[in-house]
Amino acid sequence: MRRRGTAAGAALALSGAGVLLGLAATPAQAAEVAFATHCVPPAGISPVDGTTKVEITAPATAKVGDTVDVVWKFVQAASKNPDIIDLPANSVQPSGVLKAAGAQTADIAMQGPRQNPAIPKGGAMVLSDMKGSLKLTAPGEVTLTPDAYTVNAMSTDTKCTPKETVQKAATIQVTGGGGGTSSSTPTQSTTPTQSSTPTRSGTPTATASGGGGQTDFTGKEVQIPYACKTPIGDKNATSPVQINARRNSGNFDLTVQFKKSVMNSPADIPANSVKPSMEVVLGGADKGTVHVEGPMNAKPIKSGDPIDIPDLTGTYKPGASGSSTLSPGVLTIKALGTTTTCTPTKTEVSLTLDTSQQPGGASGGTSTSGGSTGGSSGSGSGGLAETGASDHGALKALGLVAGTAILLGGAVFTFMPGRRTR
């Protein structure tokens with residue numbers, strides 16, 4: 001009898017321990033909801049209506065004072081990658097808002113890493129899981145419901161909002177007595193801040209005239225307003241440009257510089273994928289254009305690494321004798337199968353040269369010998385492009401190497417401040 005009683009007591013104790021363990025556990029719960037969604041891509045791409053499917057994971061139970069972690073998993077995004085460009089791996093980042101209601105009300109900021117496989121044109125958007133946290137402040141039932149979200153594809157945003165009332169996706173049963181504070185403000189994920197547009201520094205070099213035995217000529221930095229035709233719409237920006245020259249017999253090797261154009265890439269870029277070029281406009285005694293271009297990126301560039309924008313070079317063969325002027329002209333960017341063309345809305349002379357007519361020179365046509373590397377390039381300091389005090393959105397969607405961004409179809413690379421070493 002004693003043994004039997006002891007065994008029964010042990011069984012009861014184990015059973016009680018199991019009950020206690022069961023009460024203490026806070027297993028995660030996952031629930032999926034689907035809702036009609038309206039998505040607005042960057043300018044130039046039509047809005048999309050689709051269905052978003054989301055799975056929300058959160059603890060089933062918790063107590064007041066706890067900070068709980070929640071996960072938003074995209075089972076299906078409402079919009080696909082537009083038929084413009086293949087998105088490289090690790091170029092897409094989601095963020096959004098999860099609504100808490102019931103015992104406490106809060107907007108939970110959610111954000112996922114910039115982590116995705118390569119997504120082809122027209123392919124389904126594969127988005128990383130978003131995470132956020134909420135500090136519980138009151139006992140009772142707290143419901144979690146997905147709300148608006150944003151898909152950032154290489155610095156361009158597609159904003160998606162529900163078109164219908166969304167059903168709750170998870171519920172947390174909150175018990176009292178955790179010693180927590182009464183603050184109702186949730187702990188929110190931190191959103192990376194954008195780098196501000198830097199100010200220009202330095203004094204532009206004065207316009208140079210060629211003559212006598214001089215061989216190197218340094219132009220002045222001029223601010224050129226551009227109107228850009230991009231695959232996703234029209235954009236405007238102003239960019240500092242400087243044209244330098246070196247005499248080569250009767251010709252001139254030109255170097256066109258874009259000041260402070262060091263950029264950090266937000267995504268992995270394959271080798272041989274970005275190619276800039278420009279048509280330098282001739283004036284004064286001579287007429288026509290000079291084609292200059294920069295080399296393609298020879299090596300792959302990893303996300304977060306800086307990208308040095310190369311000098312654009314070419315050879316000017318004068319078509320007239322006299323005082324000839326050189327001004328920045330049409331800029332063309334070819335990147336991953338897309339072309340962006342930026343045309344100056346107002347031109348300004350960067351360099352003036354004393355020229356002697358050469359056989360087959362420009363004189364109304366195009367002068368080039370195919371991107372030769374001009375000799376020494378001029379020095380001086382300038383600044384990054386600007387779009388004005390308030391048009392930051394246009395700045396991000398610009399397809400301009402000389403300015404602040406390279407447009408890649410529906411995506412851009414954003415330049416970061418920094419002076420390159422020559």
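## Burial and the site at S327

A residue is called buried when its relative accessible area is under 20%. In this predicted model, S327 has a relative accessibility of 6% and therefore counts as buried. S327 belongs to strand β20, which covers residues 322–327.

The side chain of S327 has a polar atom 3.4 Å from the backbone oxygen of E348.

## Disulfide C39–C160

The structure contains 2 disulfides. One of them joins C39 to C160, with an S to S distance of 2.2 Å. C39 is in strand β1 (residues 28–40) and C160 is in strand β9 (residues 156–162), so this pair ties together parts that are 121 residues apart in sequence.

The torsion about the S-S bond of C39 and C160 is about 115°, which makes the disulfide right-handed. Both C39 and C160 are buried.

## Disulfide C228–C342

C228 and C342 also form a disulfide, and their sulfur atoms lie 2.1 Å apart. Strand β12 (residues 222–230) holds C228 and strand β22 (residues 338–344) holds C342, so the bond ties together parts that are 114 residues apart in sequence.

For C228 and C342 the torsion about the S-S bond is about 115°, so this disulfide is right-handed. C228 and C342 are both buried. With the bonded cysteines of the protein numbered in sequence order, the pairing reads 1-2, 3-4.

## Aromatic pairs

A pair of aromatic rings is described by the distance of the centres and the angle of the planes. The structure has 5 aromatic pairs, counting rings whose centres lie within 6.5 Å. One of the pairs is formed by F252 and Y316, with 6.2 Å centre to centre and 25° between the planes. Planes under 30 degrees apart count as stacked, and the F252 and Y316 pair is stacked.

F252 lies in strand β14 (residues 251–258) and Y316 in strand β19 (residues 312–316), so the pair ties together parts that are 64 residues apart in sequence. F252 is buried because its relative accessible area is 1%. Y316, at 0% relative accessibility, likewise counts as buried. Elsewhere, W72, F74 and Y149 are linked into a cluster by ring pairs.

Note on methods
Residues are numbered from 1 along each chain as its sequence is written. This is a predicted model: local features need pLDDT of at least 70, side-chain atom pairs count only at pLDDT 80 or more; totals for chains, interfaces and linings use all residues. Side-chain values use heavy atoms; hydrogens and water are left out. Helices (H or I, at least four residues) and strands (E, at least two) are DSSP runs, numbered from the N terminus. Buried means under 20% relative accessible area, exposed over 50%, partly exposed in between (1.4 Å probe, protein chains only). A polar contact is a pair of N or O atoms within 3.5 Å; within protein, one must be able to donate a hydrogen and the other to accept it, and residues adjacent in sequence count only if both atoms are side-chain atoms. A disulfide is a pair of cysteine sulfur atoms within 2.5 Å. Rings of Phe, Tyr and Trp (its six-membered ring) pair if their centres lie within 6.5 Å; planes under 30 degrees apart count as stacked, over 60 as edge-to-face and the rest as tilted.
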